[in-house]
Amino acid sequence: MDTYLLPAAMRELPPPWHDLTYRRSQALDALAPTEERREQARHVLRACLPDRPQSVHDWDEELRDFYDDRDDHTLDEADAWLTRIMPTTSQVTRERVVQVVGAWADMGIPTVPQPPTEQWVDRVAAEWAASVRQALAYDAFALIERATTAGLLNDGEAEDAALLAAAFVRVGVAVEAAVRVLVSLGRPRGEQALLELVQDDEVRDFRPYVRSRLLGLRRRVYDVRARDITRDEEPLLPEGLQGLPYSWQNDFGWGATAPDSHSLARARSALEACLAVGRAPDDAQMCSDTPADCSAIAEVVRALMPYPRLVTRERMNEAWRECQSLGFAFQGMDVEAFAKVWCTKIAERVTAAVFRWLADLPQGGGEAGDKEPAVLSATALWAAELAERCVRCGSAVQEAIWFLHRTDDVPGSREALTRLAFDPSLPVTTRNAAQEWAP
């Protein structure tokens, strides 16, 4: 008697859904997403939805590592045996998996035990069944997404699709396709489902991906808020930063700003203001230092406050609440510490941008025949002093040291580099960076 690996609802799927070969996707792509076919797609999803979280892997990751970068078709042939022996959902049985494993053994696949053990067969059977669920769900979600994009779903269908998509994300099957459907549903239904998912502990490893797609939907809200005038709002950055016309979107870069007395005075004022911001306390760390988390939080803060003049207490509070709604759990940090951390980060980015701009300005003594004047001669002393102060407080260290190197024909810059290079109170990495350029 056959041991079926799929539930009866999946074994009884109508064509083309029952087809496990490449022909299924081709047939579905050619079909218009009519109301009947949309209902059929949702039926497929209900049939494929497992009752517990799944770990969907390729049938043998170790084998894929073995064949990585090899110019042959052994792996493709091995995969093909699965649908060759089990071309439809009703034929997905343990007995047929045994046949596939036997074919792999005959092919000399190196990771197949000789003889294949019961445990190894069970592993392949479980992963193949999970892969079938995922493949069918991907195609069903793709059809629903086409219908959603075309505006064909009524309210009842949209609600059903959102519930199914969220359920698949929670069990870890066809996650990307499910999230695409939620994104296509837009606001408010799709957005609300995504907000609930990023707060759900069941989502686990998929949270960064879900959050990234949710941010795409929320971006319009941020853009509208960023256009609001800061009337009666409390600024959090010093006055020397509030007038900067450069945006965070461009990393506060000064671009081709001309080096005249006005821009140089603005640069000095900005650096002095950044030093006045100070550093966030060491214990004010965010919930995670992973690049994905820091990047997502930065995206929220940057979108709500793209210019220094928009960095206000009210908007920082909004950013804090928004990050909490996106599933970030902050440890040892309240809204005040959050604001301090991001004011520090913004000031450091501005500092780095100013020193990059200053370092790129024409250097030298303005000899005859030079096309560009030596514009830093009048500013080298104050710029070198501020660069050393920034390095000592740990702000934009690399950019400040690079500036000192670029202006080391000026005594003040050379002396600052030497002091930084051999000051035992500074971190080793800072001293090493300065020693690389010290005279």
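Let me start with a term: a residue is buried when its relative accessible area is under 20%, exposed when over 50%, and partly exposed in between, using a 1.4 Å probe and protein chains only. Helices are DSSP runs of H or I with at least four residues, strands are runs of E with at least two, and both are numbered from the N terminus.

This is a predicted model, in which local features need pLDDT of at least 70 and side-chain atom pairs count only at pLDDT 80 or more, while totals for chains, interfaces and linings use all residues. Residues are numbered from 1 along each chain as its sequence is written, and side-chain values use heavy atoms, with hydrogens and water left out.

Take helix α19, residues 411–421. Which of its residues are buried? They are Gly412, Ser413, Ala416, Leu417, Leu420 and Ala421. These residues lie on the same side of α19, because they cover an arc of only 160° around the axis; the arc is that of the directions from the helix axis to the C-beta atoms. An α-helix has 3.6 residues a turn, so residues three or four places apart point the same way. The cover over the buried residues of α19 includes α17 (380–392), α18 (397–406) and α20 (428–437).

Next, the pair α10 and α11. Helix α10 covers residues 189–198, and its axis is 9 Å from that of α11, at an angle of about 145°. Axes here are lines fitted to C-alpha atoms, for helices over the stretch in contact, and angles run from 0 to 180 degrees between N-to-C directions. Contact means heavy atoms within 4.5 Å. On the α10 side the contact is made by Glu191, Leu194, Leu195, Leu197 and Val198, and on the α11 side by Arg207, Val210, Arg211, Leu214, Leu217 and Arg218.

Val210 sits in α11, residues 207–226. Is Val210 buried or exposed? Val210 counts as buried because its relative accessibility is 0%. Leaving aside neighbours within four places in sequence, the contacts of Val210 include Val169, Val179 and Leu194. Val198 is twelve residues from Val210 along the chain, and their C-alpha atoms are separated by 6.6 Å.

Leu194, not counting residues up to four places away in sequence, touches Val179, Leu182, Val183, Val210, Leu214 and Leu217.

Last, a residue elsewhere: Glu39, in helix α3, residues 35–48. Glu39 counts as partly exposed because its relative accessibility is 35%. Glu39 and Ala140 are 101 residues apart in sequence, and their C-alpha atoms are 10.0 Å apart in space.
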